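Here is a chain to look at, followed by some questions about the terms used for it.

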Amino acid sequence: MSLVLVACGGAPTPADSVAENGEESVAVNAGLVGAIDQIGLPAALDQGFFEEQGLDVTVAEPFATGTDQLNALESGQIDIAQVGSPAIGAILSGADYVLLGNYSGSAAQLGIDETMAVVARDGSGVEAGDLSTLRGKKIGVAIGSINHLYLLSALAENDMTPDDVSIVNTPPPDMAVALQTAGIDVAIGWDPFPLLILDQVPGSYEVARGGGYIGYLGYLVAKRDWVEQNRDTVKKFLTARAAADQWMRENPDGGAEVAARWLSSLDPAIAEEAMQYNVEQLDPRISACNYAALHEAITTLHGLGTINGTFDVNDVFVPGPINEVMEESPELFEDLDEIPASAVIEGDDFTFEPDGGQCSR
């Protein structure tokens, strides 16, 4: 049984390098991990949104992990990456990366995690709808990843600590086999993995989905010096990505079709189901809520010794370009929930204050 998602052969790329206005297009290389919440990148390519902005974007074949993708960013193979929590470790290791917007998350609220689900094996003793029954169970997560953060927050909300469960470091593609062999009792992951497990592991069942335990971490990441040297290109890229996100919010079945083509082992029916959850987290804007989500993640991981240090989130967010896109193309965001007044970022002098109440859960 294989749950590994790989790129379709001959993934589509722009037909030429001439923009609609007749000027030469600007080349950009971008990357993604093979997951449903990252499919906005190829969707923007397929729908021609990059071409409309005068960009000649090449999308690399999906990387196996966010760490692999950041290695490609560091080596210059790609200019822009789509990465979540692995960016924390890279920044702590000295990488001068900046966060330009979200490929998944929310600027309107702190707690959003609808693409996360908890799945248990038959006979696990875990009750559907009751996370308190995780106590004493073997739980599979990828240590340091977003599903690990989800577990930690869910435990805290149910008056438990990590010592009350047995955490088993399990890559999402291996979770199905681990459940079948009773190596783990419960798997926690992001779509499409929970849906794939439910489809392929007899007797497995969903314990919980979402719940607002965490602020989802899913960023458009680039090197600081590249962003400073290519600000206009960054704005155009973010405009195209915002257009793709809106297109998927309005056409989830269309987004699922893109996902099924780009992730070749993904069943179209599962892609359609997963996209229904994914569209709830398609918000490319940056607000204090995103700063708060990252700050909480860093604080949690550091407190448990998973990471060796911390950093000021004010140093890594660059909200200027996406704010300019919001001002110049407000129609791309009009269907999204309004950002709370206290969380709105105006100008370049914004400072996130962890205890300032700028974004409440």
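**The cavity, the disulfide and the fold**

Q: By class, which residues make up the lining of the largest cavity?
A: By class, the lining has five nonpolar, five polar and no charged residues. Ala, Val, Leu, Ile, Met, Phe, Trp, Tyr, Cys and Pro count as nonpolar, Asp, Glu, Lys and Arg as charged, and the others, Gly among them, as polar. Among the lining residues are Gly105, Leu110, Tyr216 and Cys289. This is a predicted model, in which local features need pLDDT of at least 70 and side-chain atom pairs count only at pLDDT 80 or more, while totals for chains, interfaces and linings use all residues. Residues are numbered from 1 along each chain as its sequence is written, and side-chain values use heavy atoms, with hydrogens and water left out.

Q: What makes cysteine 289 and cysteine 359 a disulfide?
A: A disulfide is a pair of cysteine sulfur atoms within 2.5 Å. The sulfur atoms of cysteine 289 and cysteine 359 are 2.1 Å apart, and the pair forms a disulfide.

Q: Why is the disulfide of cysteine 289 and cysteine 359 called right-handed?
A: The torsion about its S-S bond is about 95°, so the disulfide is right-handed.

Q: Are cysteine 289 and cysteine 359 buried or exposed?
A: Both cysteine 289 and cysteine 359 are buried (under 20% relative accessible area; exposed is over 50%, partly exposed in between; 1.4 Å probe, protein chains only). Of the 361 residues of the chain, 58% count as buried.

Methods: On a 1 Å grid over the protein atoms alone, a cavity is a set of points where a 1.4 Å probe fits but cannot get out, and a pocket is an open set with protein on both sides within 12 Å along at least five of seven lines; lining residues have an atom within 4 Å of a point.
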